[in-house]
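Biologist: I've got a model open and a few things I'd like to go through with you. Can we take it piece by piece?

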Amino acid sequence: MRFIHLIWRNLMRKPFRTILTVGSVFVAFLLYGVLMMVQAGFGVGVDLAGVDRLITKHKVSLIQTLPYSYAARIDNVDGVAGVTHGNWFNGIYQDPKNFFANIAVDPESWLAIHPEIVLTDKEREAWLANRQGAIVGRQLAERFEWEVGDRIPLDSPIYQLDEGWEFVIEGIYEAGDETYDETQFFFHWKYVDETPGWWQGEIGWYVVQISNPDNAPEVASRIDQAFANSSAETETSTEKAFVQAFANQYGNIKAIVTSILGVVFFTLLLVAGNTVAQSVRERINELAVLKTLGFTDGRVMRLVLAESMVIALVGGLAGLGIIALVARGEIDLQFLPVLFMPSWAMALGAVLIVVLGLVAGAFPAWQASRLKIIDALGRRA
């Protein structure tokens, strides 16, 4: 740009004010990125949910269990290609704040129905062979610096055992899809089932693979009809609906994030707009001189808009840059273990930067372009 030096000198007229404004933009886009990752973290399972998978749970509530005998009956339902099951263990590692999903599953059928879980052949064989074995996601392993062979103690308020539970890490899985959750901990259901307790023969939910996703409603209806009027009636839905319902227990995350961002950006718009407007007011006489030297109204407008854009670009891109590093794992956020920043959210952030710069500078630029040389030269800043 021909007038970049002039733009820079205008911004550095009051460096402290400019730094504060750029800093506010930086913090706003940093907050934007964190909130987008939070939203993505809660919705990642919903987005990835298999279109060919159904979830069968107790009709009353997810905390109500189903008999293990249901597995064979579900497998015989027309349209079902496979079935596996899971139990929410709610295990605690060292401290209740160290939360992560830990689920008791049937390893062989679980892996068959969830190809997103990628293990080496050696890890797979080792896990299947060891009843006390477990597999963990890469992010979870890095969070606690776990390695294959480590023994991990867990205490569960649901599956209470005086001596606690201990598992051996037999594999660290990678995500077959960039959005798959790598913070989960899976272990043998039979290890729990063979330990005396109320939980023997009880299943939390069934994951049902169907032959044709287009027939999901019909297959779900057949499954529920098979257990109608039983002591443990079922409710079957698509995996996406199930995961969405589970995420909704925390509230409408999307609405919360949108509301916060709306307030933040409206406030930021006022701050940035006021900064540019004040800068214009302070140099009314200088703008008149520029017009006297031949600067057109359009060029003056573009100069003022450029100042606003520089503030927005420097602060906004710096904020998004930090978020990109966090999403790539180069900066660790322990409070946000599932780090995923969708590409659409980054693109939207870039658009918001441009919109912020244009809108914040639009009115001051318009005012500057309409200045009359005689009036401006006689006006005090």
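Predicted model: local features only at pLDDT ≥ 70, side-chain atom pairs only at ≥ 80, totals over all residues.

Biologist: How many residues are in the largest nonpolar core?

Modeller: Residues with the most contacts inside that core include Trp 146, Phe 185 and Phe 167. The largest one has 41 residues.

Biologist: Now the salt bridges. Which residue does Arg 53 pair with, and is that residue buried or exposed?

Modeller: By the rule used here, there are five salt bridges. In this one, the closest N and O atoms are 2.8 Å apart. Arg 53 lies in strand β1 and its partner in the loop between α4 and β5, so the pair ties together parts 63 residues apart in sequence. The partner of Arg 53 is Glu 116, and both residues are buried.

Biologist: What is the N to O distance between Glu 194 and Arg 131?

Modeller: Glu 194 sits in the loop between α7 and β10, Arg 131 in the loop between α5 and β6, and the two are 63 residues apart. Glu 194 is exposed because its relative accessible area is 51%, whereas Arg 131 counts as partly exposed at 34%. Their side chains meet in a salt bridge with an N to O distance of 2.6 Å.

Biologist: Which strand holds Glu 166, the salt-bridge partner of Arg 151?

Modeller: The side chains of Arg 151 and Glu 166 meet at 3.0 Å, N to O. Arg 151 lies in strand β7, and the pair ties together parts 15 residues apart in sequence. With a relative accessible area of 48%, Arg 151 is partly exposed, and so is Glu 166 at 31%. The strand that holds Glu 166 is β8.

Biologist: Which side chain of opposite charge is nearest to Glu 123?

Modeller: Glu 123 is in helix α5, and it's buried yet has no salt bridge. Leaving out residues up to four places away in sequence, Glu 123 touches Val 148, Glu 170, Gly 171 and Ile 172. A salt bridge needs nitrogen and oxygen within 4 Å, whereas the nearest opposite charge to Glu 123 is 5.8 Å away, on Arg 138.

Biologist: What is the phi of Gln 94, and why is it worth a look?

Modeller: Gln 94 lies in the loop between β3 and β4 and counts as exposed at 65% relative accessibility. Another case is Asn 229, with a positive phi near 65 degrees. For Gln 94, phi is about 65 degrees.

Biologist: Last one: how much accessible area does the nonpolar surface patch with Trp 344 have?

Modeller: Besides Trp 344, the patch includes Leu 348, Val 351 and Val 354. Val 354 lies in helix α13 and is partly exposed at 36% relative accessibility. Together the patch residues have about 580 Å².

Technical notes. Residues numbered from 1 in each chain as written. Heavy atoms only, no water. Core = buried A, V, L, I, M, F, W, Y, C linked by side-chain atoms within 4.5 Å. Buried < 20%, exposed > 50% of the residue type's maximum accessible area, 1.4 Å probe, protein only. Patch = residues over 30% accessible without salt bridge, like charges linked within 9 Å, V, L, I, M, F, W, Y side chains within 5 Å. Areas by Shrake-Rupley, 256 points an atom, 1.4 Å probe, with all protein chains shown as cover. Helix = DSSP H or I, 4+ residues; strand = E, 2+ residues; numbered from the N terminus. Lys, Arg positive; Asp, Glu negative; His and termini not counted. Contact = heavy atoms within 4.5 Å.
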